[in-house]
Every structure is written in C-alpha cells, then in structure tokens.
Amino acid sequence: MKRLALLSPRQRQALFAALLMVLLLLPFLGIGQANIDVAANSCAYAALALGLNIVVGFTGLLDLGYAAFFAIGAYAYGILNSFQLHPHWNAAWAPLAAIGFVAKLGAGAAATVHFTFPFWLMLPASAVIAACFGMAFGAPTLRLKGDYLAIVTLGFGEIVPIVARNWSSLTNGAEGLNGVGPPVLFGYRFGINATPYYYVGLGLVLLLLFISLRLKPSRIGRAWMAVREDEIAAGAMGVHTTRLKLLAFAMGAGFAGMTGTFYIAKLQTATPDMFDLPVSIMVLVMIVLGGLASVWGAILGAVLLELLQAWFLPALSGWVQGLGNAIHSPFLQNLQLTSASELIFGIILVTMMLYRRDGIVPVGRNEVRLSYEQQDAAVSRGAAPAVARLRAGLAEASADARPAALEIRDLTVKFGGLTALKSVSLDVPAGGIVAVIGPNGSGKSTLFNSITGLVKPSAGVVRFAERDLLGLRPDQVLRAGVARTFQNIRLFPNLTVMENVLIGQHSHLSAGAAGAVLGLPRVRAEEREARQFVLELLAMFGNRLVPRIDQGVAQLSYANRRRVEIARALASRPRLLMLDEPTAGMNPAESLELAEQIAAFRDFGLTILLVEHKLDVVTRLADNVIVLDHGEKLAEGRADEVRRNEAVIEAYIGRGAVDA
Amino acid sequence: MTGTAVFLQQLVNGLSLGAMYALLALGFTLVYGILELINFAHFNVFMVGAFVGLIVLQSFGLQGQTVLLHGAPLVLALLASLAVTMLASGVLGVLIERYTLRPMRNVRGPMAMITTIGVSYILFNLVLLLTNAQALNYPDPMPSVDYHLGGVTIRLKAVIIWVVAAVLMWGLNLFVRRSRLGKAMRAVAQDAEAARMMGVEVDQVVMIAFFAGSALAGAAGMIFGLYYNFTQYSIGYTAGLRAFTAAVLGGIGNVPGAMVGGLLIGLIETIGSQYIAAKWADVIIFSILIFTLVFRPAGLLGAQSPNRS
Amino acid sequence: MVLSRRNALRGAAGSVLLASASPIARAADKVYHLGITLPLTGADAEAAHLILHGAQLAIKLANQSGELGDIRLEPMILNNATATAGQYDPAQAATNARKLAGTRTVLANVGPEMSGSGKAMAPILSMASLATITPSSTAPDITSPTYAGEFDPGGKPIYFRTVTTDAYQGPNMANFYAEVLKAKSVYLLDDSGAYGVGLANAFEAQARKKGMKVLGRDRLDPKAADYSAVLTKIAATKPASLYYGGTMQAGVKLVKQSYQIIPHVIKGGGDGILSPEMMTAAGFPAAEGWYGTNASPHVVDDPKLANWVALYTKTYGVAPDDYAITAYDAALVAIAGIKAVQKAGKPLTAATVRDAIASVHVNGLQGPISFDKYGDMTSHIVAVFQFHQDKSAPLGDLNKQMRYVGVAPQH
C-alpha cells in the first residue's frame, strides 16, 4: 500500500477512474442479481464505515451505538413511506398530497392517509434527523472524557432497538415494517431489481467519500485530529473541543442515517433485530481493519469484511473439509469456519490493535530523506516575513485592545485537601518578560494551567489586557490572545510539523465543514495563506524544521519538538506567550540559540511569561523573576537579586540536597 | 399481597440483583481507577466465570437439581468451588491484561478500549460456539428454604448471596485501605507517575487490580449461576452494562461508590418493572446513566471529576 | 467486490455452504435444485441445522426411492445469517432470494425460519414465481390479503407454510384456557421477538372475546436474567393463568423463576417452549405442568413418525425437534409439486412447480397438508401438550417428557 502513496497524483487519478469504470460496469458483467445485491449491501457498509471513521478514526471518539443511527435513518424512511401510520384523512393533508408526500386511500369518512414521502427527499432528511439525535445524545456526554461516550453510546444502541420493539404503533414492533415503498426516479419505480439500488449505493459511497476526503485536510478535519491526538493541547490551541466533537458525532450519525434510508428502501422491510450491537461492532472492525482515520481504508475494510464473510470463509471452509476428506480427519470434515466468523472478527480486532494499529492501509506519511546539507543545522536569523506578519498582527490587535499586561491577584488553587497555589500575585507588564522559577512541585505548571483555563482556581483574579480570564474555556483564553507551550510537550504526535502548526491558526481561520466540502475559493485562499504563514514561522528556526515540514512530529528530536510547539503557539498570533520550560532537554548551545529567539519575540512586541529551570537563560531574558515554593511566592525581583536571596538558596539547595 | 408487601418484596428482589451488580461494578471501578480504561472484557469474564463455576461444582460432584450434601461438607464444597472459580477468573483477567492490554498501555485514544471490546467479543463467541448457544442448567445444591415475613418471601439463597457479596466487598475494601498493595493501588490511581517515582511497581499494581476485579466477576458469575440456576453465553452483556452504569452512578474509581451504585441499579430495575413496565427497564437504567453524567458526572460518592486531565 | 464468473457461481452471496452430490446419483440424471434458506450461523444456528436436516432427509429419501424419475434433486443451501447482524439478516435473505430466482434449476425453496427474512424475500420470489415453503415463520402479515400488494406483487401466492400461523395457535390456546382449563383470568408475557409478540397478541384478542380477564401484559428482555420483578408484579395480581409467547431464550429463566414465585398458576406457551431446553436447561420440577402447543395435529404415536425419528437421529446424530418435522413436510410439499408437474407432462420450472404446490395434497408427518388460496395450511389443528417428568426416559427426549392433552378447541 505504500506504493500507492508513491504514485503521482495523475497516476492516482487514472487508477481511480479505472476503478470507478469497473464499478460502474459491474452489473453488466453477467454476475447475476444476487451478486449485484451483495455489491449494493457492500456499498451500504462502506458508507457506514465512512461515517464511523469520522467519529472514531478522525476524532478518536469510540461510538459503540452506531447502529442506532442506522436504525433511526431506516425507520424515518420506513415509517414515512409505508402503510404503518394511517391517520384519518382530512383537508389539512391536501397540500401534502398535492406535492406527492401523502396519498388519500379510500373515500368518504373511512379515507386514510398513506405516507409516500419521496426517497430522494428522505435521504438528506434522514441524515438531518439522525444527526439531531446524535447531537441530543452527544451533547451531555461530549464535554466529558471520551471514555464516557463509549458507554453512553452502547446504552443508546440498546435503547433504540428496544423502543422500536416496544412502540408497535409506530414501528410495527418486532414483526417489522410492512411494504416500505421503493424509490421512484422520473417515473421509474425501483422494484426488486438490484441494479438501480447498486447505483444509488455507489453514488452514496462516492458522495460520502468525497465529503470525507475534503474534510480531512481542512481546518475542521485538522481540529478533529487534534482532539483525537491530545484534547488538552487542542483546547489550548483554540479548538472548541466540545463543539468539534459534537460536529463529528453528528456527522457520523448523519452518514449512518442516510445509509439506513438507502438500506431500507432496498429491503422494503425493517425489523429491530437488524440494528443490534453486532452491527456496530462489525462496522468498527471494518474501520480498524482498514486503518483508523484512513478514508480509503474504511471502504477497503468494509469491502474486505463483506468478501471475507460472503466468499472467503465459506470457500476456506470447503477447502478445509475437502482436506479433511482427503486425510480422513473427521474433525476437519466437520469444521464449519463460517460459524466461527464472529470469533474470527474478534480475533482480527485484537490482532490489528496489537500488531498493526494503523490498519492495512495506514494513513500516508511521507518518509522524507534529508540531504546532508539539510541535516546540518545552520541557524539563520531573521525570517523577516514571519516577523513582519506577527508584528502586523500584533499592531492590529493592540490598536483597539488595551495593553497586553497580565495581572494575577491572590490566586489560590486547591486539589482536594492539597493547596497547590496559595494566594499568588504577579504582574507581567505589556512587552515584558517575567520568569517563574521554583523547585519541582512548587506550583509553576498549576499557575500556567489556571491562567489558561485548564484548572479552576478556588479564589483569585487573572486579568489579561483588562479582561478576566478565569472561567473561560482554554480555547476562549487563546482567543483572548494568550498562547502557551507545555512542560512535557503536547504536540499532536501522529500529525506532521505542518499540520501541528496549522492547528495553531485554528482560531484565525474561518472555514466551516460546508465551506471545506464545497471547496469555496475563499476557503482555498485562506488555506493557502495559512500554509504560507507556517513556512514563514518555521523559517525563524533556520533550516531546522523547514526540510522536515511533512514529517510526523514523533520522529523529531526533542529540541525540534520544542521548537514546533513554540511555532504552534506563535501561529495563533498571541499577545502573551507563555513558555513552560522551553529549553528543557536542549544542550547549552541550543538553549542559547532559543533564548536569543525568545528575546527576538519580545523585540517585536510580545509579552512573555516563562517557566524555566536554567538560571543563565532566566538571567539573560527576564526583567523580573518570581520564585515559587510550595505554592507560595517566596521572592520576586531582578534575576541577580533573586539569585542572592537566602530563602531561595535554601529552597533550592537545602531541600534539593535532601530530595536528591 | 398488599401494596406495601409488593413494594417490600420488590426491594428484596432488588437487593439480590443489586448485590450481583455491585460485585461486577467493582471490577470496572478498580481498573478504571488505575488505568482510566473501560474494560469491556469484564462483561464476559463474568460470563466465563459462571461457566468455570459450573465445571468446578460438577467436579466436586454437585450436579443436577438435587441436594446431595448437607451441613459442613456442603458449605466447604461451595466455598472451595467459589475459591477455585475466583482464582481461575482472576488468572483469566491477568492473562488478558498481560497479553492484550499491557502493550496498549501508552497508546492514546480509544485503542485500548477497542482491544477490550475485541477480547470480550472473542470470549463471547468462543463460549457461544462451545455451548452451541444453549442455556445450561446449574447445580442447585442449596436447601430450598423460604422465610415469610409479613407477606414478603425471603429465600435462603438470597440471604446467602447478600452475605457472600458483603463479605467479598468488605474484604476488598479492607485490602484497598489497609494492605501495602492496596495503598500502592490507590497511589497509582491518584498519580501513576508520582507513584512510580516513589518506587511503586505500577505493572504489579495493575495486575493485582485485574486479578481482584476479575476474581470478583468470577464470584459474581458463580453466584449468578447458583441463584438463577442456569448460565448461557449471553448473560455477560446485560449484566455488565448495568454494572457499569452502577459504577458510574456511584462514582467511577470509587470502591464504596460501586457497591452503592450496584444496589441502587438493582432496586431501580425491580421497582421500575413493578410500577412502570419491565420492557422499559433498560431505557430507565440508561436514562439514569445519562442524567448522572449530565448533572453529577463524578457520581454519587465520587470525589474526582471524570474530566480531569 | 469483483468476482470472477467461476467464483460467482461458486459463492454468489457466498452463502452456498455445500451442495454435496448424492452417492447414488446416476450420471444421466438431470439435476434440479431445491433451495434451503436458513440462518445457519450465529445465535440461531443450532435450531436452523435441525430444520436443515429435516429438509435434507426428505430430498435424500426422494432421490433414493426413484420417485422423481430421471431427475435428481439437490439441496442448494443458503445461509441467511451474517456476522454483521450476528444472527438472521433480512438483507442476506433478500440476496439469497435473488440468487434462487436467478438460478434456473431451482424449482422451489424451503425456508426461511424467521418472518423478518420472509418479508424481505417474499416480493422477490413473487416476481419470479418461485414458491417457498416455510417450516417455521408464523407472522400472518406475509400471507394476509391486506398486504398482498407488498409481499405478493406477482399476484400468485408463493409463501406457503407447513405450520399454522400465529392467527390460529394463539386463539386456539386461548379457547383451551377458557373452555378446558376454565381459567377466569390471565396475565400475558412475550419475549419481544416477532414470534412471541404475535402469538401473545393473538392469544390476548381471543381471551378477551372468551370473557377472560386480562390482568396485564408485559415484555421480557431475553438478554436479561432476572424476571423476579415482573413475576412479583404478576403474583400481586393473583392471576388464574399465565400465557407466554416466546422461545426458550427467555423461556428458560421464566420457567425457573415462575416456579419459585407463582408456583400454583396455570402456565403455558406456544410451540416455542416445546423444546428439549425445557428439560435440559429449565429442568424439572420447574417445567412440570407447563402447557405447550404444536401448530399441527399430534402424530407422535404414529409408527411412521417413530421410524422417521430413528432414521433422522441415526443420519444426523441429533434428535429432531418440531420444526425438523415441519421442514421435512415442507420439502415433501415441494417434491409433491415437482412430481405433479412431471405427471402432467409440463416442463419443470419454478412457475409450474408453484402452480402445482398451490393445489397439492400431501400426507406429511404431521398429517394431511394442503393450502388455502393465500398459501396457509387449510388444517388449523393445534395440539396441546403438558410437561410431565418421566424419570425412566432420557431427560432431553421431548416426546417422553410431555404428554398429549388433546386438540385445542377451534372457534
């Protein structure tokens, strides 16, 4: 599959066109109605897999009740295009009858309404209905950790078939719907012929494929993957995580709803048993097999699984039994591999997770070989375009806003019985650099977390540019102009350098899901611009990052990952940059280089709050140094003053000796 | 029966059901507390435990529906069976942890959860194939004694369940609070990194949690079999899902919370069946799950918030 | 997705499990097929195999006896369960129906087991004029004239049954409760499956007509284990009788727990509880006294049946159940149709065989079988049995562990 990634775009297009041609001609290859029907069912499952892939693959949310949305879409159409509901006719129905959504059955007082909502309308309508259910059920749980979604969806997946069984007047209960109407296209009524359904299914898959492929590299797709990779970092980079999770969940549900309508129109009946847990599990196996987050993988997984259970296992069973006959082994003669197919799929699931988490079609990742020159890290300063742009951005922001000063008063944070910060106050004047130092566990990271909305302080005030930050979500804090890095580097490990830094720009871009799918010129221009800005930002670090721009960040050196994280924070065009131990893990030369770069950030107007261990870096950069110990401010002053402070020396060296 | 008697009878019914859910909920809570992982395999470790218990009881000669042993030999045989079942289930849990979950320990996202679903599915289908999807009769070695208290019937079997469940839960609570390993367990639950620095063997603690949780699931499985007098491949799913709801209701990660949650879910199920309808029991229980998550995500007794980083 | 022609023939939906040649086949014989469509894997596999063997046995005996002249009949076995559904899958049933309709040598089909699959198959088979004879699907809708437009667009009945629909089994048992057992009140339970719900609905309607007091109706979750809450609720209403529509998945637990909570209430169900599991899993004494019905006359004492049971058991290594018998009869119906076409000298096609089946009279294991104009059996006899332990007989022997009570009153 790696070779597929090596094909040029034109070759890939040619391959796709050839494949599409084969699929379009499939019904004319004399394979028989039954096989066309199998192909149509495979389309339905491929569509389901594409939807679940958005939820599980892109966004990392485990949805175990996916079949429920399939059911909702199925019943939505099944009820609105069958004899299930037959209210008495009255004049109020006439307008609907005029446009063909209902028909009048019988005459006089006994006349009833026959629902005949058109398939082509119900296809998008079911998507909307299922998406609404998805939002209603997702909203309460999606603000919590992802795990809870798994169990809530499992419950939801149970409830929907139960309701379908028990609400007989609406669904005809366990007996199943009777006589769901087939689609009608330009007067042609799809009957029992499988071929037209196959083309509708193929069209559905192509549509959902197109949507998935367009979304994946868009602002929305990147934000989804950021949530999957590291929800906290995504929030800190301006992604409204709850809203994006909800969007993914609703969109997945919509795909399933649409597929449900298609499936039921083809089958012309629906029973609650068709939407039980195994369906959700099987679709999950499909996307795991194809590779989570891989769009083509989802389709391939669905097709492979269908082939596996429809053709390969029965054939293998036959061969094994044949072998049994040949060697007179009664065990082999009676072995029915098809009965064990669920077991086999369970084994596939576990094996893939343990040994091939990326699936059989891993998400393409270019392995870039760097030339010797590129590997040789020559540092060039300046990177004028980025600086100019950052400056311009800052000027624009400060023109109407108040000075970018951070003001913290009496900040207290408690974890259970433990007080992590006790009444800490500090000021970072606009354009200044303040460093916070202190031994491990003194509360430095807690300070950062409470400023950026990750931790809820029990008392105190945090103001930035005369605006209260407390109570804001992390993404709102970022929009207020505060960007941060993390002590233990929180990049999105499976994304490239480019993607990581692009996510930093999330709050400055405006493309929504619809814009990305439609490929609006505005959205394309915005995306081009954003990529250009990333290149300019990375140029600030000379050629350390530019040649590695399409590499996964997990492959980078520690120091380079720190640089990417800083670039990601800068990409949000902050006014206050908060760096948590930026030089940790760097050698003295690299630390010095970074310190110079940080000084340069100040020169073009950024305010900087720094947590740092290396005192030479602190001395070189900070106007003011604050020492924390046990959550309390121990000392404050210029770096050389603080270095001489008795209490500080005791806190560092005295206890340091004991701790060591 | 009077209205009050019916209500009290449903309370008694709910208590037995709840005791079983509580035992099962403890396994979820222990593992979640330490690894923040919802272990779907737990559902079917319980189910396998019921079958293991069946085999063990039969090997002790306790078969069919007749009372063969009496007095001390019966009690000893039952206790020995329970111990063997718990040991076997505990080992199954440890094997699952060691070979399928430990490699996933540091993998982000839903991967580890998906793995537990796969393991659960394997156990489920393995037993389905081995038993041909048939329900199996369970030995019924305990004397059938009923106590009648003002219109309410309490069966000896129910009393035994309450006692065994209480003893097991009390033992677990003591273990977690008092023993060195239990303390290590709580330390890992609070901060795995810090605990590691303090010299706690995290791998060992995780293993113990899986062993204890799975052993309790095995005990619940055997008690299930003895109480309901049957077992089948499908018993794990419904019971497991309700037990998980119980764990969330009580505050996931919280040992006493799981017990309280289990009892509550048992009571809700029987009272709901009485005054609403049995067919809506699942809907009621999952509504409670969702409302808990909306209004009190930390659960009734939970101190820790589920959305902590 | 692209299958080669060879593979397509071999696998199609891929569900052809086996089509083994009969050992006594003569080379010159022209081969025709009788489809058998059942959920052969997943949760229903065990029951489906018993049905499968019933139909297989009929085909085998017909080939051996030479009654088919110069043709040889082979089973075309199609599985309509999928791993994706975890059980029977109507979508796969529809695929199989297309496969059957598209294979010219297929003359008729035996199946499906579930009405959900039947609803998906019926319109396709109807358009192809291919008869299917179901040994166990009892939902009345499929053959009801009300839904003829949906399930029989071709206009001629193609859905025949060798079982009585729920429309008779439930009401006749209600008559039995009211007239023979003199039960004044009843509480109804079903297992939320199509079969159980339909049966309980039909019972309920007739029970009301007969003036019985219906004290309540509840639904069991077959996956749940504890029915004590429902049973306590039932006990509080003090019913004279309980009727359960459903199969043994919920039945095992219901029988066990009702023995403890409502021991003195008359209890009964449909053919779903006439299963060996009643003894092996629910067990005596809990099963003692339960009534069950069979949607066919009682013929177990007939020596013909005893020989047949012995032959079946010897051939397939398992004892047949009720549906193995109806499946055997279903295959007999198809074979009789084929013979009638041969006798009339018409060409053998699915359509001619369908026409012949519609007017066929067969002596099946359950007695004389013929069909009304909708495809349902003209005989509506429902036999009633009661479980009663016979310690001298094997526990799993259904015919020994229950006794025949009589024919349920028909009105």
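I began with one residue pair: A:Val436 has A:Val611 of β12(A) as its bridge partner. I note that the model is predicted. I then looked up the strands around this pair. Strand β7 of chain A covers residues 433–437, and strand β12 of chain A covers residues 607–611. The two run in the parallel sense and share four bridges.

**The sheet in chain A**

I traced the sheet next. It is open and has six strands, in the order β10-β11-β12-β7-β13-β14 of chain A. The pairing is mixed. Which strands stand at the edges? I found β10 (482–484) and β14 (632–637) of chain A there. Each has a single partner strand, so one side of each lacks a neighbour in the sheet.

I identified it as α19 of chain A, residues 444–451.

**Chain A as a whole**

Chain A has 28 helices and 14 strands. Its C-alpha atoms fill a box of roughly 95 × 70 × 50 Å along the principal axes. Of its 660 residues, 54% are buried. I checked the contacts between residues at least 6 apart in the sequence of chain A: 74% of them join residues at least 24 apart.

**Where A meets B**

I turned to the neighbours of chain A. Here 38 residues of chain A are in contact with 35 residues of chain B. On the chain A side, α6 (119–142), α7 (146–166), α10 (219–229), α13 (277–290) and α16 (341–355) each supply at least two residues. Which element gives the most? It is α7(A), with 12 residues. By class, I noted 23 nonpolar, eight polar and seven charged residues on this side of chain A.

**Where C meets A**

I did the other interface next. Chain C has 48 residues in contact with 44 residues of chain A. The elements of chain C that give two or more residues are α1 (5–11), α3 (90–101), α4 (115–127), α5 (148–151) and α7 (194–209). This side of chain C has 22 nonpolar, 18 polar and eight charged residues.

I kept the exceptions for last. Most residues other than glycine have a negative phi, and most peptide bonds are trans.

I found a cis peptide bond between C:Gly111 and C:Pro112, with omega about -10°. C:Pro112 sits in the loop between β5 (106–110) and α4 of chain C. Another cis bond joins C:Phe284 and C:Pro285, with omega about 5°. C:Pro285 is in the loop between α10 (277–282) and β12 (291–294) of chain C.

I then looked at phi. A:Asp410 is not a glycine, yet its phi is positive, about 50°. It lies in strand β5 of chain A, residues 406–415. A:Glu581 also has a positive phi of about 50° without being a glycine. I placed A:Glu581 in the loop between β11 and α25 (588–603) of chain A.

Is A:Glu581 buried or exposed? I counted 20 other C-beta atoms within 10 Å of A:Glu581, so it is buried. A:Asp410 has 13 C-beta neighbours inside 10 Å and therefore counts as partly exposed.

Key
Residues numbered from 1 in each chain as written. Chains lettered and ligands numbered in written order. Predicted model: local features only at pLDDT ≥ 70, side-chain atom pairs only at ≥ 80, totals over all residues. Contact = placed C-beta atoms within 7 Å. Nonpolar A, V, L, I, M, F, W, Y, C, P; charged D, E, K, R; others polar. Pairing = 2+ DSSP bridges. Axes fitted to C-alpha atoms, helices over the stretch in contact; angles between N-to-C directions. Buried ≥ 20, exposed ≤ 12 C-beta atoms within 10 Å, placed from the backbone.
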